[in-house]
Amino acid sequence: AFMGYPRYDVCRASEWIRKLPACMRSSAAAIANRMPHDADGLRPFRIFGRFLGNLDSKDSRRYAESMAFFQDHHKETGYGEALAPHRLNSSFDRLDRYFQDSRTILTGAVWADINTYLPDDLLVKTDIATMAHGLEARSPFLDQELFDWALRLPEEVRYSSVRTKDLLSLDRKLIKREFAEKILNEHCSGRFYHHPRIWALMMLELWFRTWIDAAQIPQTPPRY
């Protein structure tokens, strides 16, 4: 809902593809199909071939391929006898319905992630890892009211090409600096006992540094 993944930049940048004439997109795809699949071993050819092929792809497929470890053509040479009947079934098609009624590619990608990546990957892994240690985790950003509120925000507010999770990284301004300095000085001078308050403010600051500010560190997209 907060549009914080770097891969969303690609979705936003690919909006122009929708405006290309159909004949131009199909011609580009035809060129890509003539390129040998073993060009996957050479990164420049791989990127160029994928770029041309994606011009004529559905929005959902372009997004799915940006996350997949294997592409559909790998099935031809990689599937064994047990999986051979499924060669023609693309798992990428599962995302179609989330893009069909979306106003933009970015909105479709977010909706697809909410309905697939979140419940089938992130929450499952979290549950397995925490329960293995006798813990029961909670996801505060999945609070129903907060989640619904975030989804109602305009795309321009939730998305930023400058930094990820920009909506969560806005200037905190939670506590006035003068207030923090005042209780610290009073505590150090012995005038008042502010230990619980100082501890609470320290934990709040450390929590933000660990879980919010850390998201601003530039992330390099994985190379396929």
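Mentor: Let's start with a definition: rings of Phe, Tyr and Trp pair if their centres lie within 6.5 Å. In this predicted model, there are two aromatic pairs.

Trainee: What makes Tyr-8 and Tyr-63 an aromatic pair that is stacked?

Mentor: Their ring centres are 6.5 Å apart and their planes make an angle of 25°.

Trainee: Why is the pair said to tie together parts of the chain?

Mentor: Tyr-8 belongs to helix H1 (residues 7-13) and Tyr-63 to helix H4 (residues 59-67), so the pair joins parts that are 55 residues apart in sequence.

Trainee: How do you know whether Tyr-8 and Tyr-63 are buried or exposed?

Mentor: Buried means under 20% relative accessible area. Tyr-8 has 3% and Tyr-63 has 2%, so both count as buried.

Trainee: Why is the pair of Tyr-63 and Phe-99 called tilted?

Mentor: The angle between its planes is 50°, with 6.0 Å from centre to centre. Stacked needs under 30 degrees and edge-to-face over 60, and the rest is tilted, so 50° falls under tilted. Phe-99 sits in helix H6 and Tyr-63 in helix H4, so this pair ties together parts 36 residues apart in sequence. Phe-99 is buried too, at 6%, and Tyr-8, Tyr-63 and Phe-99 form one aromatic cluster.

Trainee: On to charges: what makes Glu-76 and Arg-87 a salt bridge?

Mentor: Their closest N and O atoms are 3.8 Å apart, and the cut-off is within 4 Å, so the pair qualifies. Glu-76 is in helix H5 (residues 74-78), while Arg-87 is in the loop between H5 and helix H6 (96-100), eleven residues apart. The structure holds seven salt bridges.

Trainee: Asp-121 and Lys-125 form another salt bridge. Why is Asp-121 called partly exposed, and why is Lys-125 called exposed?

Mentor: Exposed is over 50%, and partly exposed lies between that and the 20% limit for buried. Asp-121 has a relative accessible area of 22%, so partly exposed is the word. Lys-125 has 54%, so it is exposed. Both residues lie in helix H7 (residues 105-131), four residues apart, about one turn of the helix.

Note on methods: Residues are numbered from 1 along each chain as its sequence is written. This is a predicted model: local features need pLDDT of at least 70, side-chain atom pairs count only at pLDDT 80 or more; totals for chains, interfaces and linings use all residues. Side-chain values use heavy atoms; hydrogens and water are left out. A salt bridge is a side-chain nitrogen of Lys or Arg within 4 Å of a carboxyl oxygen of Asp or Glu. Helices (H or I, at least four residues) and strands (E, at least two) are DSSP runs, numbered from the N terminus. Buried means under 20% relative accessible area, exposed over 50%, partly exposed in between (1.4 Å probe, protein chains only).
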